[in-house]
Amino acid sequence: MRKNVNKRISSYIFRSFVTPFSTILFCLALLSSLTQKIFLFLVILLSGLIHFTQELRAKIITDKLLKLVNTKVKVLKDDKVIEISSEQLKLDDKIVLEAGDRIPADVKLLETSDFFVSQSVITGESGIVEKRATNTAFSGTSVVGGRAVAKVIALGKSTVYGNLAINNVVKKRRFDEGAKSISIVLVKFMAILLPIVFLILGITKGLWLRAFVFSLSVAIGLTPELLPMVISACLAKASSSLYKKKTIVKNINAMQALGSMDVLCVDKTGTLTKDEVILEYYLDILGNESQKVLDFAYLNSYYHTGAKNHLDRAVLKCENAYLKKLVNEYNKIDEIPFNNEKKYASVQVNDLIILKGAYKEILKKCSYIEYKGKIIKIEDDKQESVRHIVDEMTEDGMRVLAICYKKTNKTYIDDEDDYILLGYISFFDAPKSSATSSISKLNNLNIDIRILTGDNKGTTIAVCKRIGIKCNKVLTGEQIDKLEGDDVYTTIESTNIFVELSPKHKAKIVEILQKNGHFVGFLGDGMNDLPAQLKANVSISVDNAVTALKDSADIVLLKKDLNILEDSIIEGRKAFVNMVKYIKITASSNFGNICAIVCASIFLPFYPITSVQILLVNTLYDILCLILPWDNVDKELIKRPLEWSGKTLERFMIYFGPLSLIFDILTFFFLYKILAPSVAGTNYKQVVSICQTGWFLETLWTQVLILHLLRTEKIPFIQSKPSKLAMFTTISGLILLSLLTISPLGNLIGFTTLPLSYYIFLAVIVLSYMILVTIFKIFYVRKYKKLL
C-alpha cells in the first residue's frame with residue numbers, strides 16, 4: 001500500500017514539474033545570466049508547487065469520497081465472517097459470496113449452494129452460469145443467486161480478465177473527443193506561428209539561436225499551460241460541493257460527463273415511484289382472494305437466493321406465524337434464480353416446483369389452470385379471460401406477477417412446461433409527489449428523460465399518466481427485436497417510454513441513442529441495469545443498489561431522487577462552464593498577444609518583449625485564473641448541455657484574439673515614438689526597457705480584464721457579477737503585479753519605473769479595449785447564439 005502511495009506521489013511530482021512550459025523555462029535559464037537563472041528557477045518551482053498542490057488536493061477529495069462507497073468484502077477469519085475493503089484483499093483469503101455481490105478477484109470455489117453467476121461483463125452475453133465447487137469464478141463478474149465460499153487466487157491485473165475489470169471499462173466520452181479537437185486547434189496555431197516568428201526574428205535581428213528560443217516561448221505562450229490544473233481544481237471543487245448535496249463522485253471526470261449529458265435513461269421504480277412496494281392482492285385466476293397463491297408466492301420468495309428485489313421484500317413482509325410454520329413443512333431441493341431473459345424465478349420445495357414471474361412468460365409455461373381446487377385444461381378463450389383480469393389491475397397502476405406450479409418426482413428443476421396456473425399477486429408502488437416537478441426541472445435543463453423498465457406496458461403507462469409524463473410513444477422489448485435497418489434508430493429516437501425490457505434491450509437502447517448523437521446518462525439500481533450502465537456515457541447508481549452496480553457507477557446518489565440529480569447536473573455544468581471560460585478566453589487573448597509580438601518584431605529594432613517576460617505574463621495570468629472554480633456562473637449558461645469543441649475554440653480565437661492587436665500596436669507606437677524618447681532620450685537600453693515594461697503592463701491588464709468581459713454574455717460587473725473571491729483576486733493581483741515592475745525583482749528581468757503619463761494612457765487604452773470587446777461580444781452572440 002505504501003509503495004503504491006509513494007509511486008502515485010512520484011507521478012504527481014513528475015507531471016507537475018516536467019511540462020513543456022517548465023522545459024522551455026529551463027532552457028531559457030541555461031542561456032540567461034545568473035540573476036535571471038535564479039528568477040527562472042523560482043518561477044519553475046512556484047508553478048510546479050501550485051500544480052502539485054492542486055492535483056494532490058483534488059486526489060485527496062476524491063479518495064475521501066470514494067471511501068464512503070468503497071466495496072466491502074466478506075472474509076472468513078477464524079471461522080468468523082468480517083467485512084474488509086476490497087483493496088485490503090490478499091491472496092489465499094477465503095471470502096463469502098452472495099447474490100448481488102461483484103466478485104472482487106479470481107477465486108476458486110470451495111463450497112457452493114445453488115450458486116449462479118452472470119458473466120456478461122466479460123462475455124457480452126446476458127445469460128447466467130451455474131458454478132459448482134472446484135470451479136473458477138472470475139473477477140468483475142456478478143453473483144445472481146445462491147451462496148459460495150471461495151479462495152482468492154489472483155488479484156488486480158493478475159486476474160484472467162484483469163484489463164476488462166468493470167472499473168477499467170473505457171467509456172467513450174464526448175469530452176475526450178472535444179479535448180482532442182481542441183488540442184489539434186492549438187497545435188495547428190503553434191505549427192503556423194512558430195516558423196513565422198522564427199523566420200521574422202532571424203531575418204530582422206540576425207540572432208538565429210535566440211530567435212529559435214524566443215519562437216518556442218511564443219508557441220508555449222499560446223498554450224493555456226495550467227489547463228490540467230484548472231480542470232482538476234474545477235472538478236475537485238464540484239465533487240466536494242456535490243457531497244454536501246448527498247452525491248458521491250467516484251470518477252472525477254464524470255463531472256465533465258454530467259455537463260454534457262442531454263438524455264437520461266431511468267427506471268420507473270424508485271425514480272418516479274416511492275420505492276415502497278406493498279403487496280395489495282393475492283388472487284386466483286378469476287380475481288378472488290386466495291391464501292394458496294400467497295403461500296406459494298411466499299415459499300418462492302423465501303427460498304429464492306437471488307438478489308432480493310423490492311417485490312420479493314414486499315412478499316416477505318407478509319410473514320406471520322402461519323407462514324413461518326409453512327416454511328418449516330417444505331424443504332428446499334433446488335432453484336434457478338430470476339433470469340431477466342425468462343423473467344421468472346424457479347424454486348423446488350419437496351415435490352413442488354413453484355414459478356413466480358411476469359404473467360406473460362408464466363402463461364407460456366402453463367397448460368392448465370387451477371380454480372377452486374379443480375385442474376382445468378387451458379383453452380384459448382380462457383387465456384383471454386386471464387389476460388382481461390390482469391389488464392384491469394395493470395391499468396390501475398398495479399404490478400402483477402403470476403404464480404404457477406407442478407408436481408415432480410425429480411430432485412432438480414427441469415425445463416419442461418405443463419405447469420398449472422394458480423393465480424396472481426399484485427403490488428402497488430405510489431408515484432412520488434415530487435416526480436412531476438423534478439422531471440420538469442430536468443426538462444428545463446434540456447435533458448430528455450427516457451423511461452426504461454422491465455414492467456409491463458399497462459402498469460408503466462398508468463404510473464406515467466398519474467405524474468403527468470406524456471406517453472408519446474411506447475415500445476416493448478419484443479417490438480424492439482423486430483425492428484430492422486434504419487427503423488431501429490428512428491423508432492428509438494422518437495420513443496420516450498420503453499417497457500418489458502431485458503438487460504440486453506436496455507443496453508441496446510443506450511447504444512442506439514449514443515449513435516444518434518446523444519450523450520447518455522443511465523440511472524439504475526438492479527442487476528438488470530448493469531449492461532446498460534456499462535454502455536452509458538455517465539453511469540449513476542444509488543447507495544442501496546446492488547454491489548456490482550455501485551462498483552461500476554461513476555456517480556452514486558445517497559438518495560434515489562431526481563431532485564438530487566438535478567443539483568448534480570447543475571454543479572457539473574458549472575464546472576464545465578468555468579473550464580470553458582479558461583480555455584477559450586486564455587487561448588484567444590494569448591493568440592492576440594502573439595499576433596502583436598509578430599507585428600512589432602517586424603518594425604522594432606529590438607525584441608518587443610523577452611522570452612522570460614512572455615512566460616511571466618502567462619504564468620501570472622494563469623495563477624489568477626485558479627480562482628475560476630469559485631466564480632459565479634450565469635443561469636443561462638447552464639440551461640443546456642455543454643461540450644468541448646475545437647471548431648468553436650478556433651472561431652472564438654479568430655474573432656476576439658486580434659481585437660487586442662489594435663491596442664497593442666497603439667501601445668507600441670506610443671511607447672517607442674512618444675514616451676521612450678521623452679524619458680530616455682538616446683539611451684537605447686532604457687528605451688528597450690520602457691517599451692517592454694509598458695507592453696507587459698498593457699498585456700497584463702487587458703488579458704485579466706478580458707476574462708471578466710467574456711465570462712458572461714451580459715454586461716460584466718452590472719448584470720453579471722463575479723464571485724467576491726474572483727473580484728478580490730483580480731484587483732489585488734493586478735495591483736501587486738503592477739508593483740512588480742518597480743521592484744528589485746522586476747529590475748532583474750528588464751523592467752523599469754514608468755512615469756504617470758503612461759498610466760493615464762494605459763487607463764484610456766484599457767477602457768477603449770473593454771468597450772470594443774463588449775460591442776463585438778454583442779454581435780458574436782447574435783450571430784452564433786451563444787458566447788462560450
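Predicted model: local features only at pLDDT ≥ 70, side-chain atom pairs only at ≥ 80, totals over all residues.
## The chain as a whole

The chain has 788 residues, and 57% of them count as buried. Its secondary structure comes to 28 helices and 23 strands.

Take the contacts with a separation of 6 or more: 74% of them join residues 24 or more positions apart.

Start with helix H28, which covers residues 756-784. H28 has 29 residues. From its first C-alpha to its last it reaches 42 Å, close to the 42 Å expected at 1.5 Å a residue. Which residues of H28 are buried? They are Tyr758, Phe761, Leu762, Ile765, Val766, Tyr769, Met770, Val773, Lys777, Tyr780 and Val781. An α-helix has 3.6 residues a turn, so residues three or four places apart point the same way. Keep that in mind when reading the list of buried residues. After H28 comes lysine 785, with a positive phi near 70 degrees.

Helix H18 has 13 residues, 503-515. The span between its first and last C-alpha is 19 Å, close to the 18 Å expected at 1.5 Å a residue. Buried residues of H18 are Pro503, His505, Lys506, Ala507, Ile509, Val510, Ile512 and Leu513. Just after H18, glycine 517 has a positive phi of about 100 degrees.

## Helix H21 and its two partners

Two packed helices are described by the angle between their axes and the distance between the axes. Helix H21 spans residues 562-603, and helix H25 spans residues 684-709. They pack at about 155 degrees, and their axes are 10 Å apart. That angle makes H21 roughly antiparallel to H25. The crossing of the two is right-handed. On the H21 side, the contact uses Ile585, Thr586, Ser589, Asn590, Asn593, Ala596 and Ile597. On the H25 side, it uses Trp695, Thr699, Gln703, Ile706 and Leu707. By class, six of the residues in this H21 and H25 contact are nonpolar, six are polar and none is charged.

H21 also packs with helix H22, residues 611-624. The axes of H21 and H22 come within 12 Å and cross at roughly 160 degrees. H21 and H22 are therefore roughly antiparallel to each other. Their crossing is right-handed. H21 brings Tyr582, Ile585, Thr586, Asn590 and Ile597 to this contact. H22 brings Ile614, Asn618, Tyr621 and Asp622. Here five residues are nonpolar, three are polar and one is charged.

## Helix H25 and helix H24

H25 packs with helix H24 too, which covers residues 659-680. What is the angle between H24 and H25? It is about 145 degrees, with the axes 9 Å apart. The crossing of H24 and H25 is right-handed.

From H24, the contact takes in Phe663, Asp664, Thr667, Phe668, Leu671, Tyr672, Leu675, Ala676, Val679 and Ala680. From H25, it takes in Gln686, Val687, Ile690, Cys691, Gly694, Trp695 and Glu698. The residues of this contact divide into 12 nonpolar, three polar and two charged.

## A buried valine

Valine 347 is in strand E12, residues 344-349. Is valine 347 buried or exposed? It is buried, because its relative accessible area is 1%, and buried means under 20%.

What does valine 347 touch, leaving aside neighbours within four places in sequence? Its contacts are Leu299, Asn300, Tyr303, His304, Asp334, Glu335, Leu352, Ile353, Ile354 and Ile413. Leucine 299 is 48 residues away along the chain, yet its C-alpha is 8.1 Å from that of valine 347.

## Two loop residues with positive phi

Threonine 134 is not a glycine, but its phi is positive, about 85 degrees. Threonine 134 lies in the loop between strand E5 (128-131) and strand E6 (136-137). It counts as exposed because its relative accessibility is 59%, and exposed means over 50%.

Aspartate 418 also has a positive phi, near 65 degrees, and is a residue other than glycine. Its place is the loop between strand E16 (399-407) and strand E17 (419-428). With a relative accessible area of 48%, aspartate 418 is partly exposed.

How values were computed: Residues numbered from 1 in each chain as written. Heavy atoms only, no water. Helix = DSSP H or I, 4+ residues; strand = E, 2+ residues; numbered from the N terminus. Expected span 1.5 Å × (residues − 1). Buried < 20%, exposed > 50% of the residue type's maximum accessible area, 1.4 Å probe, protein only. Axes fitted to C-alpha atoms, helices over the stretch in contact; angles between N-to-C directions. Parallel < 35°, antiparallel > 145°, perpendicular 65-115°, else oblique. Left-handed = near helix turned anticlockwise from the far one by under 90°. Contact = heavy atoms within 4.5 Å. Nonpolar A, V, L, I, M, F, W, Y, C, P; charged D, E, K, R; others polar.
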